[in-house]
Amino acid sequence: VQFVASGGGLVQPGGSLRLSCSTSGSLFSFAWYRQAPGKQRELVATITNNGATNYANFVRGRFTITRDNAKTTMYLQMNSLKVDATGVYYCNQIPPISDWGQGTHVTVSP
């Protein structure tokens, strides 16, 4: 199984980005993680096989995680972005596999 994240970029505070994640498929729940500069990787959002979602408190109400019915593509819609959202975003499963890939860089800056 591999997870490939894309869609990052530079955006101003208050802006939006939509991240995508391609995978060969997994029977497990999917998740988005992020690693801010100088900090440990943290869980952002999760989605189960039946579509149940959960969010970290710091993104709840602003980010939305979805996945397609084939369970090979996952998305993270990020709205009302704040500067502290800057970091590398990774997609993976729960429990995560050891290959995190390159992730996708998100920079929120005026």
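F30 is buried, with a relative accessible area of 0%. Buried here means under 20% relative accessible area, exposed means over 50%, and partly exposed lies in between (1.4 Å probe, protein chains only). This is a predicted model, in which local features need pLDDT of at least 70, side-chain atom pairs count only at pLDDT 80 or more, and totals for chains, interfaces and linings use all residues. Residues are numbered from 1 along each chain as its sequence is written, and side-chain values use heavy atoms, with hydrogens and water left out.

**Aromatic pairs**

Rings of Phe, Tyr and Trp (its six-membered ring) pair if their centres lie within 6.5 Å; planes under 30 degrees apart count as stacked, over 60 as edge-to-face and the rest as tilted. The count comes to 3 aromatic pairs. Two of them are tabulated, including their geometry.

| Pair | Centre distance | Plane angle | Class |
|---|---|---|---|
| F3 and F30 | 5.5 Å | 90° | edge-to-face |
| Y33 and W100 | 4.8 Å | 85° | edge-to-face |

F3 lies in strand β1 and F30 in strand β4 (residues 29-35), so this pair ties together parts that are 27 residues apart in sequence. Strands are DSSP runs (E, at least two residues), numbered from the N terminus. F3 is buried too, at a relative accessible area of 5%.

Y33 sits in strand β4, and W100 in the loop between β9 (87-94) and β10; they are 67 residues apart. Y33 counts as buried at 9% relative accessibility. W100 is buried with a relative accessible area of 18%. Ring pairs link Y33, Y90 and W100 into a cluster.

**Charges over rings**

A charge sits over a ring if NZ of Lys or CZ of Arg is within 6 Å of the ring centre and within 35 degrees of the ring normal. The charged end of R67 sits over the ring of F30, 3.8 Å from its centre. R41 places its charged end over the ring of W100, 3.8 Å from the centre.

**Sheets**

Two strands pair if DSSP finds at least two bridges between them. An open sheet of 4 strands runs in the order β1-β3-β8-β7, with antiparallel pairing. Its edge strands are β1 (3-6) and β7 (63-67), each pairing on one side only. Strand β7 is joined to β8 (residues 73-78) by 5 bridges. R67 has M74 in β8 as its bridge partner.

Another open sheet has 6 strands in the order β2-β10-β9-β4-β5-β6, with mixed pairing. Here β2 (9-11) and β6 (53-55) are the edge strands. Strands β2 and β10 (residues 104-108) run parallel and are joined by 3 bridges. V11 has V108 in β10 as its bridge partner.
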